[in-house]
Amino acid sequence: MLYYLFNYLQNHYKIPGAGLFNFISFRAAMAFLTSIMISLVFGKRIIRFLQRKQVGEEIRNLGLTGQIEKQGTPTMGGLIILAAIVVPALLWAKIGTVYIWLILVSTVWLGFIGFLDDYIKVFKKNKKGLAGRFKLIGQVGLGLIVGLTLYFNSSVVLQDFYKKSEVTPQLIAEKHMVPVGKTNRNNQDYVILEHKSTKTTIPFFKSNEFDYAEVLSFIGPNYKDWAWLIYIPIVIFIIAAVSNGANITDGIDGLAGGTSAIIVATLAIFAYVSGNSVFSDYLNIMYIPNLGELVIFSMALVGACVGFLWYNAYPAQVFMGDTGSLTLGGIIAVMALMMRKELLIPVLCGVFLIENVSVMVQVSYFKYTKKKYGEGRRILKMSPLHHHYQKLGYHEAKITTRFWILSIFLAILSIITLKIR
């Protein structure tokens with residue numbers, strides 16, 4: 001909202017300094033600082049409120065060191081994260097863009113699902129929380145909203161630059177492009193062509209663009225009209241998988257919050273270069289108009305995670321609960337889809353992936369051995385993986401720090417995919 005206010009003041013009254021609000025870098029920095037301030041100033045008050053309402057974590061004794069001491073620690077701390085995301089995003093971003101309002105809808109949607117889960121656990125004394133099928137329905141519902149919006153909304157487009165001599169009516173017709181402007185680059189005239197597309201980026205490959213619609217090319221010349229049959233189920237799967245991965249990772253103090261901050265900071269870099277015509281041209285990546293506004297949202301989210309760590313770092317004064325973890329994972333998935341970087345998720349979100357896989361392998365192997373030998377056996381001492389290391393005697397602060405280091409390594413590896421192909 002502040003963007004619109006100061007843009008009006010700049011255009012009508014020429015107020016000195018108002019032009020700063022046109023710069024994404026300035027608004028992103030302010031969103032980050034605002035988010036941290038909200039986390040620190042209001043976080044303590046929210047924790048005290050949760051304590052008065054006796055919103056404490058019910059700890060199931062798994063034989064882990066230091067586990068019983070956490071009994072009664074306030075949960076639902078994800079409310080701190082939600083407030084520290086939404087308020088700065090509304091203040092500093094251009095909320096009229098499709099990417100901002102869609103990511104805000106995703107944040108509130110997943111936050112509500114996570115809140116219901118925590119509410120049932122705490123106030124209804126049901127340790128299972130919201131039934132898995134209802135969580136899945138909520139994730140599928142959000143996947144439909146995101147998928148349909150990204151597929152059908154006329155503002156979600158890619159822009160390509162073609163030399164004026166290369167642009168022909170046949171090219172425009174074949175690729176369903178619309179000329180939207182002209183520019184001069186390297187002393188040559190270029191035409192800017194805009195088009196809808198289900199293209200995404202394949203990391204580590206030279207010709208690194210893949211169109212989901214190509215999967216249906218066998219059905220005839222109009223196959224692109226049916227691309228939603230492939231695209232929307234993929235969107236639903238990615239949102240459900242990443243949100244559940246973040247949820248599983250939230251098992252020890254600071255792990256999910258710190259890991260998410262690193263991942264989102266990396267996504268902010270991708271949003272900045274993909275939403276900037278100069279950088280996208282230099283790096284030879286897709287140029288996505290208006291995507292730069294996601295940098296403001298991303299930095300608000302990074303600030304929210306960092307501010308939350310003030311209270312969640314070992315020993316934790318509050319847990320984020322599903323209110324926070326489901327939301328963080330879902331937001332990461334939706335942002336990656338908007339940036340056409342969803343195929344990079346196994347690398348960038350590698351910590352979420354190995355946590356998820358550790359649970360699936362443990363459960364599958366236990367069921368297999370029980371059926372074959374009559375007695376279930378385990379590969380890990382406990383799943384997910386961070387509990388396995390706790391069972392081995394590692395302190396949870398050390399486990400968290402080492403997982404952060406792994407996340408930083410994966411983040412840097414993800415960033416260099418911009419040049420390694």
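The lining of the second largest pocket in this predicted model is made up, by class, of 14 charged, 11 nonpolar and nine polar residues. The space in this pocket comes to about 840 Å³. Of the 34 residues that line the second largest pocket, those closest to its centre are Leu158, Asp160, His195, Ser197 and Lys199.

Several secondary structure elements contribute to this lining. At least two residues each come from helix 5 (132-152), strand 1 (158-163), strand 5 (209-211) and helix 9 (277-283). Strand 1 gives the most, with five residues.

Another part of the model is the packing of helix 2 on helix 3. Helix 2 spans residues 24-52 and helix 3 spans residues 78-92; their axes lie 8 Å apart and the helices pack at an angle of about 145 degrees. The crossing of the two helices is right-handed. On the side of helix 2, the residues that meet helix 3 include Phe26, Met30, Ala31, Thr34, Ile38, Ser39, Gly43 and Ile47. Helix 3 answers with Ile80, Ala83, Ala84, Val87, Pro88, Leu91 and Trp92. By class, the contact between helix 2 and helix 3 has 13 nonpolar, four polar and one charged residues.

Ser39 is a residue of helix 2 and one of those that meet helix 3. Is Ser39 buried or exposed? Ser39 counts as buried because its relative accessible area is 0%, where the cut-off for buried is under 20%. With neighbours within four places in sequence left aside, Ser39 is in contact with Ile80 and Ala84, and also with Gly303, Ala304, Gly307, Phe308 and Tyr311.

Note on methods. Residues numbered from 1 in each chain as written. Predicted model: local features only at pLDDT ≥ 70, side-chain atom pairs only at ≥ 80, totals over all residues. Heavy atoms only, no water. Axes fitted to C-alpha atoms, helices over the stretch in contact; angles between N-to-C directions. Helix = DSSP H or I, 4+ residues; strand = E, 2+ residues; numbered from the N terminus. Left-handed = near helix turned anticlockwise from the far one by under 90°. Contact = heavy atoms within 4.5 Å. Nonpolar A, V, L, I, M, F, W, Y, C, P; charged D, E, K, R; others polar. 1 Å grid on protein atoms, 1.4 Å probe; cavity = no way out; pocket = protein on both sides within 12 Å on 5 of 7 lines; lining within 4 Å. Points joined across faces, edges and corners; volume = space filled by probe spheres on them. Buried < 20%, exposed > 50% of the residue type's maximum accessible area, 1.4 Å probe, protein only.
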